[in-house]
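Student: I have the model open and want to work through it by geometry. Shall we start?

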Amino acid sequence: MSDAHIYQRDIEAFGRFTVSRIQELVLPIDADFRQALRAMAARLDAATEAVLEEARKAAAARATPPASGRARRGKADPIAAGRDVMRRLVQQAGARPGGAALTRDLLRQESLATVLRRRPAELAATMTHALDVIELRGRRLPDREAWAAEIRRSRDAIAPLARSVRARRLERRTPTPEMQAARAAWLEVYGAAKLLVRCVLRLHGELSLMPQIFDDLADEVRAPTDPAAPTPPSSTPQAAGRRDRRGARGGAMSARG
């Protein structure tokens with residue numbers, strides 16, 4: 001019952017769920033194990049909180065305080081400048097004969113409002129595309145060489161900021177050593193909880209309850225390691241519901257990725 005596949009984002013949900021299910025389903029089964037089960041539930045709860053605390057500390061350490069008004073004054077904003085040049089370019093192109101088609105090409109078939117909301121890297125990519133359009137199909141655009149030079153300068157000014165944003169995003173996704181240690185400790189406690197709960201359930205012929213207590217087992221069909229152990233049902237309403245929730249979580253991550 002390896003738990004290494006559990007994502008960091010699922011630790012809180014899995015930990016809280018298991019604690020509640022131990023209290024609801026397992027404690028009433030065997031009075032002799034109640035003290036041990038309560039102690040294990042408390043330890044899992046503490047390990048879950050430790051993971052969350054390290055995540056909060058990492059987020060606080062990585063937070064960049066906003067620049068003061070004094071720091072912002074006198075410094076050019078490359079994003080604002082890039083948006084301004086794209087806005088003016090589109091206005092100029094749209095005023096020419098056949099300008100609607102040229103404008104669509106410049107904006108990669110998107111609206112100006114959409115482009116102006118883009119993140120720095122995406123805005124820079126649109127500006128690179130606009131340069132290609134100006135070179136290939138911008139003959140109707142007055143002063144196209146001047147436009148190309150201005151867009152190129154603005155795009156190049158955005159590039160360092162775009163790299164900085166990507167670096168900060170990667171840093172936020174990379175766990176700190178403390179987070180990794182807290183995760184490893186949580187996995188040890190979670191695995192120990194499985195062993196204790198399995199022991200209690202086996203003594204009472206209730207091993208089929210395991211997927212209802214440990215959410216990462218809900219969508220797994222495992223061959224029993226004990227010939228005397230009953231085969232868990234391949235599908236239960238509780239397991240189906242958790243599969244749906246896990247599928248939705250995976251779909252949301254794919255969409256973000």
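This is a predicted model: local features need pLDDT of at least 70, side-chain atom pairs count only at pLDDT 80 or more; totals for chains, interfaces and linings use all residues.

Student: Are Trp-186 and Tyr-190 buried or exposed?
Tutor: Residues are numbered from 1 along each chain as its sequence is written, and side-chain values use heavy atoms, leaving out hydrogens and water. Buried means under 20% relative accessible area, exposed over 50%, and partly exposed in between, with a 1.4 Å probe and protein chains only. By that rule, both Trp-186 and Tyr-190 are buried.

Student: How many aromatic pairs does the structure hold?
Tutor: Rings of Phe, Tyr and Trp (its six-membered ring) pair if their centres lie within 6.5 Å; planes under 30 degrees apart count as stacked, over 60 as edge-to-face and the rest as tilted. On that basis the number of aromatic pairs is two.

Student: What is the angle between the planes of Trp-186 and Tyr-190?
Tutor: A pair of aromatic rings is described by the distance of the centres and the angle of the planes. Trp-186 and Tyr-190 are stacked, with 4.6 Å centre to centre. The angle between their planes is 15°.

Student: Why are Trp-186 and Tyr-190 separated by about one helical turn?
Tutor: Helices (H or I, at least four residues) and strands (E, at least two) are DSSP runs, numbered from the N terminus. Both residues sit in helix 9, residues 177–203. They are about one helical turn apart because their spacing in that helix is four residues.

Student: Which residue forms an edge-to-face pair with Tyr-190?
Tutor: The centres of this pair are 5.5 Å apart, with 80° between the planes. Both members are buried. The partner of Tyr-190 is Phe-214.

Student: How many residues apart in sequence are the parts that the pair of Tyr-190 and Phe-214 ties together?
Tutor: Tyr-190 lies in helix 9, and Phe-214 is in the loop between helix 10 (210–213) and helix 11 (237–256). Ring pairs link Trp-186, Tyr-190 and Phe-214 into a cluster. The parts tied together by Tyr-190 and Phe-214 are 24 residues apart.

Student: Which residue lies over the face of Tyr-7?
Tutor: A charge sits over a ring if NZ of Lys or CZ of Arg is within 6 Å of the ring centre and within 35 degrees of the ring normal. Here the distance from the ring centre is 4.2 Å. The residue over Tyr-7 is Arg-9.

Student: At what angle do the axes of helix 4 and helix 7 cross?
Tutor: Axes are lines fitted to C-alpha atoms, for helices over the stretch in contact, and angles run from 0 to 180 degrees between N-to-C directions. The axes of helix 4 (residues 78–94) and helix 7 (residues 120–137) come within 11 Å. Their crossing angle is roughly 35°.

Student: Is the crossing of helix 4 and helix 7 left-handed or right-handed?
Tutor: A crossing is left-handed if the near helix is turned anticlockwise from the far one by less than a right angle, and right-handed if clockwise. For helix 4 and helix 7, it is left-handed.

Student: Which residues of helix 7 make the contact?
Tutor: Contact means heavy atoms within 4.5 Å. Helix 4 contributes Ile-79, Gly-82, Arg-83, Val-85, Met-86 and Leu-89. Helix 7 contributes Pro-120, Leu-123, Thr-126, Met-127, Ala-130 and Ile-134.

Student: What separates the C-alpha atoms of Arg-117 and Arg-83?
Tutor: Arg-117 lies in the loop between helix 6 (112–116) and helix 7. It counts as exposed because its relative accessible area is 61%. Arg-117 and Arg-83 are 34 residues apart along the chain, but their C-alpha atoms are separated by 8.8 Å.

Student: What is the phi of Gln-109?
Tutor: Gln-109 is in the loop between helix 5 and helix 6. Arg-108 lies in that loop as well, and its phi is near 60°. Gln-109 is not a glycine, yet its phi is positive, at about 65°.

Student: Which element has the lowest mean pLDDT?
Tutor: The chain averages 78, and 74% of the residues score at least 70. Helix 1 (residues 11–26) has the highest mean, 95. The lowest, 41, belongs to helix 3 (residues 69–72).

Definitions and conventions. pLDDT is the predictor's confidence in each residue, from 0 to 100.
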